[in-house]
Amino acid sequence: ERFAKILTLCQQPKSIEQTLPHLFQERHLKGRGWYMAITEVQAHLEVLKEAGDVELTGEGSKQTIRATGTENFQNLIEKLEPYESTAPLPLEEHHSH
């Protein structure tokens with residue numbers, strides 16, 4: 001699970017960029033993939049921070065992640081309400097033969 005892996009990686013303070021090679025295959029970190037990987041890690045960090053499992057210091061590219069030693073993220077995830085989209089599904093086109 002990616003949450004647990006981030007906590008293990010950040011027992012010693014690390015930047016987001018330093019975590020990427022441990023979380024994604026190298027081929028996924030090229031071009032747009034790098035940006036997508038960064039945003040995915042940021043999303044995980046938001047949950048971990050909310051759970052009190054990481055502390056974030058600094059700003060932007062100088063931001064550092066440090067695990068606090070707790071693993072509360074699972075309890076936080078279990079308490080989340082399921083997301084139900086209210087957006088209508090696109091109608092399938094029907095073709096006559």
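User: Which residue takes a positive phi in the hairpin of β1 and β2, and how many residues stand between the strands?

Analyst: Gly-58 takes a positive phi near 85 degrees, and the hairpin has 6 residues between its two strands. This is a predicted model, in which local features need pLDDT of at least 70 and side-chain atom pairs count only at pLDDT 80 or more, while totals for chains, interfaces and linings use all residues. Residues are numbered from 1 along each chain as its sequence is written, and side-chain values use heavy atoms, with hydrogens and water left out.

User: How do you know that strand β1 is joined to strand β2?

Analyst: Two strands pair if DSSP finds at least two bridges between them, and here 4 bridges join β1 (residues 54–57) to β2 (residues 64–67), so the two count as paired. The two strands run antiparallel. Among the bridges, Thr-57 is partnered by Thr-64 of β2, and Val-54 is partnered by Ala-67. The strands, like the helices, are DSSP runs numbered from the N terminus, with at least two residues of type E for a strand and at least four of type H or I for a helix.

User: Which residues of β2 are on its covered face, and which are on the uncovered one?

Analyst: Ile-65 and Ala-67 make up the covered face of β2, whereas Thr-64 and Arg-66 make up the uncovered one.

User: Why is Pro-13 called partly exposed?

Analyst: Its relative accessibility is 47%, and since buried means under 20% relative accessible area and exposed means over 50% (1.4 Å probe, protein chains only), a value in between is called partly exposed. Pro-13 has its place in the loop between α1 and α2. Not counting residues up to four places away in sequence, Pro-13 touches Gln-18, Thr-64, Ile-65 and Arg-66, where touching, or contact, means heavy atoms within 4.5 Å. The C-alpha atom of Pro-13 is 28 Å from that of Leu-80, which is 67 residues apart from it along the chain.

User: What makes α1 oblique to α2?

Analyst: The axes of helix α1 (residues 2–9) and α2 cross at roughly 125 degrees and come within 11 Å. Angles under 35 degrees count as roughly parallel, over 145 as roughly antiparallel, 65 to 115 as roughly perpendicular and the rest as oblique, and therefore α1 is oblique to α2. Such axes are lines fitted to C-alpha atoms, for helices over the stretch in contact, with angles from 0 to 180 degrees between N-to-C directions. The contact is made by Arg-2, Lys-5, Ile-6 and Leu-9 of α1 together with Thr-19, His-22 and Leu-23 of α2.

User: Is Leu-23 buried or exposed, and how do you know?

Analyst: Leu-23 counts as buried because its relative accessibility is 10%. Leu-23 is placed in helix α2 (residues 16–23). Leaving aside neighbours within four places in sequence, Leu-23 is in contact with Arg-2, Lys-5, Ile-6, Leu-9 and Val-41. The C-alpha atoms of Leu-23 and Leu-9, which are 14 residues apart along the chain, are separated by 9.4 Å.

User: Is Thr-19 also buried or is it exposed, and what is the value?

Analyst: Thr-19 has a relative accessible area of 0%, and therefore is buried. This residue of helix α2 is in contact with Leu-9, Cys-10, Lys-14, Val-41 and Ile-65, leaving aside its neighbours within four places in sequence.

User: What makes α1 roughly perpendicular to α3?

Analyst: The axes of α1 and helix α3 (residues 32–50) come within 10 Å and cross at roughly 85 degrees, which makes α1 roughly perpendicular to α3. In this contact, Arg-2, Phe-3, Ile-6 and Leu-7 of α1 meet Glu-40, Val-41, His-44, Leu-45, Val-47 and Leu-48 of α3.

User: Why is His-44 called buried?

Analyst: His-44 has a relative accessibility of 14%, and so counts as buried. His-44 belongs to helix α3 and touches Arg-2, Phe-3 and Ile-6, not counting residues up to four places away in sequence.

User: How do you know that α2 is roughly perpendicular to α3?

Analyst: α2 and α3 pack at an angle of about 105 degrees, with their axes 10 Å apart, and this angle makes α2 roughly perpendicular to α3. Ile-16, Glu-17, Thr-19, Leu-20 and Leu-23 of α2 meet Trp-34, Ala-37, Ile-38, Val-41, Gln-42 and Leu-45 of α3.
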